[in-house]
Amino acid sequence: MTFDHLLKSIPHKFKPEEVQLLERAFEFSRRAHAGQKRKSGEDYIVHPVEAAIILGKIFPDSASLAAVLLHDLTEDTKVTIEEIEKSFGKTIASMVDGVSKLGKVRLRNSKEPQYVETLRKMFIATSQDVRVMMVKLADRLHNVRTLEFLPEDKQKKIAAETLEMYAPIAGRLGINKWKDELEDTCFAIVDPENFNKTKQLLDEELSKKEKNMKQLEKDLIHVLRTEGVKFQIVTGRTKRVYSLYKKLFKKYHGDLSKIYDIIALRVICKSTADCYAALGAIHQHYQPVPGRIKDYIAMPKPNGYQSLHTTVFDRNGSGFEIQLRTDLMHEAAERGVAAHWFYSESGKQSTNTKGKLDWIHELRSWQEEGGTEDDFLESLKVDFFKDRIFVLTPKGDVKDLPTGATCIDFAFAVHTDLGYYMMGAKINGKMSKISQELEQGDVVEILKTKQPVTISRDWLKSAKTNNARSRIRQYLKEHDKGIMARVKELRDFSLPTFMRKK
Ligand code: MN
């Protein structure tokens with residue numbers, strides 16, 4: 001394993017001082033890990049280097065890459081975090097420290113008392129610098145790719161933890177490329193029976209639909225050309241096994257006919273305007289399926305995902321999903337957070353499509369225009385972490401709430417009915433008002449009564465989530481109805497008997 005291999009495997013042109021930093025980190029790590037072997041029998045250094053290549057392909061940030069190269073040193077060698085700080089500075093050292101802390105989080109043994117504490121640290125570390133999470137995910141992805149060398153019980157444990165914890169985080173960060181790979185690899189190990197069952201269904205369906213899709217693809221290109229819509233490519237994408245499994249068996253009870261996006265066609269357009277123009281052209285030529293048009297461009301998903309989705313019937317009457325997006329949106333869907341913050345910062349869309357890594361050059365020029373390292377870090381605290389907080393139940397379940405959410409929101413997020421029985425709340429072990437706003441990492445315990453409590457209209461003022469607000473409204477409506485009925489009853493009783501209604 002050489003430094004040259006690392007550098008050549010990342011399609012990015014680093015500045016001379018960046019190359020120097022990476023080479024120093026590589027040498028430092030290689031020397032410290034010398035003599036150590038992985039379960040595969042390879043030299044240990046192969047792992048940090050491969051993880052760095054994984055990260056470099058979507059996010060060639062030299063500090064993050066140095067941190068990946070150094071990430072296992074404090075755990076597995078005599079090197080201390082102080083030594084890393086001395087050689088590589090505070091930023092890289094604190095990233096390495098954050099990554100080793102994340103490595104201690106074990107989802108499975110949730111009875112451990114430190115569990116809540118480590119989980120909390122994990123989310124706080126994440127929200128302070130998203131890069132820590134990206135380094136950890138690259139580490140995990142390489143470990144997952146090399147699971148075959150571990151004993152079976154360990155494989156299952158790591159795969160289960162990845163499926164429950166790391167894949168959803170990759171999804172939350174919008175890095176779909178990583179999420180897809182983590183999910184399918186781990187699902188096959190955790191639940192081989194369902195994996196194979198779903199995969200077989202998927203393969204059968206694909207072979208049935210493939211011919212129609214090829215036809216639709218040709219057709220679609222023709223339609224877009226004659227309508228004069230500017231587009232770059234039309235490609236097919238097939239649904240992943242795990243995502244099909246979740247949708248099919250958890251939502252549609254195995255009814256495959258309800259799922260339209262087993263194969264989808266993707267149209268990559270030059271601009272947002274072209275996406276809408278293409279959608280219009282498509283709906284003129286194909287019958288759209290009602291209720292299946294989704295505008296994630298105007299209303300992006302919480303992880304930043306943007307595209308237009310529609311489902312249309314082809315000439316043979318089978319339904320196909322078509323996804324329309326610009327090349328930048330496509331990049332963002334693959335790289336997530338790494339690309340997302342960039343185009344929200346630049347505020348405009350680049351039309352330059354020559355190099356895949358143009359966004360990082362844009363970043364550099366933006367930095368050179370007077371941005372500081374602090375601004376750079378600030379920009380990585382992406383929007384969705386800015387307006388979301390992670391709050392824990394005493395058992396360590398994480399609830400993801402909007403900033404400003406209160407104990408009332410939390411109670412309804414934990415359980416639909418819990419809010420109706422809430423008489424008080426403890427935040428981090430201290431009694432607090434139920435209207436108290438929660439902060440990042442708070443551990444919240446809801447104190448409940450046996451009888452439903454009386455909910456006042458004031459609760460609406462303290463509830464920030466739609467879920468809590470609609471629950472409270474529902475309660476108030478029924479409560480009012482109950483009172484009106486009783487008032488009517490009492491009124492009737494105050495009348496002389498002969499005047500009472502039957
Ligand atoms: Mn590692």
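The model is predicted. A search of the whole structure finds 10 aromatic pairs, and a search of the whole structure also finds 19 salt bridges. The points below describe some of them.

**Aromatic rings**

- A pair of aromatic rings is described by the distance of the centres and the angle of the planes.
- F28 and F88 make an edge-to-face pair, with 5.3 Å from centre to centre and 85° between the planes.
- This pair links distant parts of the chain, 60 residues apart: F28 belongs to helix α2 (residues 16–32) and F88 to helix α6 (residues 81–104).
- F28 counts as partly exposed because its relative accessibility is 23%, whereas F88 counts as buried at 9%.
- One aromatic cluster is formed by F187, F195, Y242, Y245 and F249.

**Charges over rings**

- In that cluster, F249 also has the charged end of K197 over its ring, 4.7 Å from the ring centre.
- The charged end of K209 sits over the ring of F320, 4.9 Å from the centre of that ring.

**Salt bridges**

- Side chains of opposite charge can pair when their charged atoms come close.
- R240 and D184 form a salt bridge whose closest N and O atoms are 3.7 Å apart.
- R240 lies in the loop between β1 (231–238) and α12 (241–250), while D184 lies in helix α10 (residues 176–190), so the pair links distant parts of the chain, 56 residues apart.
- R240 is partly exposed, with a relative accessible area of 37%, and D184 is buried, with 12%.
- K208 and E205 meet through their side chains in a salt bridge of 3.5 Å, N to O.
- K208 and E205 are separated by about one helical turn because they are 3 residues apart in helix α11 (residues 192–226).
- K208 counts as exposed at 60% relative accessibility, whereas E205 is buried, with a relative accessible area of 14%.
- D261 forms a salt bridge with R237, with 3.7 Å between the closest N and O atoms.
- D261 is in the loop between α12 and β2 (263–269) and R237 is in strand β1, 24 residues apart.

**A sheet of 3 strands**

- An open sheet has the strand order β10-β9-β11, with antiparallel pairing.
- β10 (430–432) and β11 (444–448) each have a single partner strand, so one side of each is left without a neighbour in the sheet.
- Neighbouring strands in this sheet are turned by 35° against each other on average, direction ignored.
- β9 (residues 422–427) pairs with β11 in the antiparallel sense over 5 bridges.
- I427 stands opposite V444 in β11.

Key: Residues numbered from 1 in each chain as written. Predicted model: local features only at pLDDT ≥ 70, side-chain atom pairs only at ≥ 80, totals over all residues. Heavy atoms only, no water. Phe/Tyr/Trp six-rings, centres within 6.5 Å; stacked < 30°, edge-to-face > 60°. Helix = DSSP H or I, 4+ residues; strand = E, 2+ residues; numbered from the N terminus. Buried < 20%, exposed > 50% of the residue type's maximum accessible area, 1.4 Å probe, protein only. Lys NZ or Arg CZ within 6 Å of the ring centre and 35° of its normal. Pairing = 2+ DSSP bridges. Axes fitted to C-alpha atoms, helices over the stretch in contact; angles between N-to-C directions. Salt bridge = Lys/Arg side-chain N within 4 Å of Asp/Glu carboxyl O.
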